[in-house]
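Biologist: I am new to this model and would like to learn how to read it. Could we go through it feature by feature?

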Amino acid sequence: MGAWGFRIATIVAACVLLYFAPLIHVTRIEPADVEGRFDAVEFAEAFWTERLLPATADAASATQVAAAMEESAAKAGEQYGVRVGVSRGFLLFLRGVGEVQAADDVGVRLSLDGGGEVRLLSRKVFGSTIRDATGLLKPSESPGSREYNLIANEINRLATERAITRLEGIAVGDRLRFAGCTKVVSAAGYKPPLEIIPVLVEAAK
């Protein structure tokens with residue numbers, strides 16, 4: 001074998017070796033690997049079932065809050081609201097019972113027992129209003145900010161699937177028991193009614 005033959009044989013042998021024992025292994029990274037052991041779906045499900053729904057019994061009365069907002073949204077925010085960071089606005093976690101006065105693509109407007117009105121929104125939910133309004137969940141309970149946002153997304157999904165869809169087919173005159181969350185962006189710019197993202201919708205007597 002000449003010099004060229006020896007070189008060709010060496011190259012062929014190297015190619016065979018690399019085929020069966022590559023220097024670099026390419027492995028697909030699954031979402032679960034990216035998130036590590038944290039499962040936002042599982043976390044949100046447990047939060048919803050074990051903490052959020054039980055807490056609806058202790059949410060502020062929508063009737064009382066609506067009346068307080070009419071008098072002074074700023075004072076109502078101080079008394080009933082939850083503030084996150086340096087925001088000028090505040091979040092509310094409310095419950096109530098009322099009769100349907102109107103229903104459209106935006107939501108269902110209720111006349112509350114005891115006075116006042118609210119609107120239960122039927123639109124797609126974005127943001128972190130539900131996650132933050134209850135004051136039940138702290139950022140330190142998730143591995144990081146990304147996971148904290150994933151929790152908010154999953155909670156929004158649960159609200160859509162388990163509460164908002166129950167507004168479909170609601171008719172004027174129906175009576176509903178509800179709990180939900182809302183964000184008042186600015187007390188100075190507040191205009192009634194309170195627009196609530198429902199987390200609980202039930203037929204009421």
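**Reading the fold, cores and pockets**

Modeller: This is a predicted model. Among contacts in the chain with a separation of 6 or more, 68% are between residues 24 or more positions apart.

Biologist: How many helices and strands does the chain have, and how do the elements run from the N terminus on?

Modeller: There are 7 helices and 6 strands. Their order from the N terminus is α-α-α-β-α-α-β-β-β-α-α-β-β.

Biologist: How should I read a helix, for instance helix 7?

Modeller: An α-helix has 3.6 residues a turn, so residues three or four places apart point the same way. Helix 7 covers residues 145–162, which is 18 residues. At 1.5 Å a residue it should span 26 Å, and its end C-alpha atoms are 26 Å apart, so the two agree.

Biologist: Which residues of helix 7 are buried?

Modeller: The buried ones are Glu147, Tyr148, Ile151, Ala152, Glu154, Ile155, Asn156, Leu158 and Ala159. Over the chain of 205 residues, 37% count as buried.

Biologist: What should I look for in a nonpolar core?

Modeller: In soluble globular proteins, nonpolar side chains tend to be buried together. Here the largest nonpolar core has 27 residues, and those touching the most other members are Met69, Leu94, Leu110, Val118, Leu176, Phe178 and Leu194. At least two residues of this core come from each of helix 4, helix 5 and strands 2, 3, 4, 5 and 6. Helix 4 gives the largest share, 5 residues.

Biologist: Which residues does Leu94 touch?

Modeller: Leaving out residues up to four places away in sequence, Leu94 touches Ala59, Ala60, Ala62, Val65, Phe178, Ala179, Gly180, Thr182, Leu194 and Ile196. Apart from this core lies another, with 25 residues that include Leu91, Leu137, Ala159 and Ile164.

Biologist: And the pockets: how much space lies in the largest pocket, and what lines it?

Modeller: The largest pocket holds about 340 Å³ of space. Its lining has 19 residues, with Leu121, Thr182, Lys183, Val184 and Glu195 nearest the centre. Strand 5 and strand 6 are the elements that give two or more residues to that lining, and strand 5 has the largest share, with 4 residues. By class, this lining has 10 nonpolar, 4 polar and 5 charged residues.

Biologist: What does the second largest pocket look like by volume and lining?

Modeller: The second largest pocket has about 160 Å³ of space. It is lined by 14 residues, and Ser122, Ile164, Thr165, Leu167 and Glu168 are the closest to its centre. The lining of this second pocket divides into 5 nonpolar, 5 polar and 4 charged residues.

Methods
Residues numbered from 1 in each chain as written. Predicted model: local features only at pLDDT ≥ 70, side-chain atom pairs only at ≥ 80, totals over all residues. Heavy atoms only, no water. Expected span 1.5 Å × (residues − 1). Buried < 20%, exposed > 50% of the residue type's maximum accessible area, 1.4 Å probe, protein only. 1 Å grid on protein atoms, 1.4 Å probe; cavity = no way out; pocket = protein on both sides within 12 Å on 5 of 7 lines; lining within 4 Å. Points joined across faces, edges and corners; volume = space filled by probe spheres on them. Nonpolar A, V, L, I, M, F, W, Y, C, P; charged D, E, K, R; others polar. Core = buried A, V, L, I, M, F, W, Y, C linked by side-chain atoms within 4.5 Å. Contact = heavy atoms within 4.5 Å.
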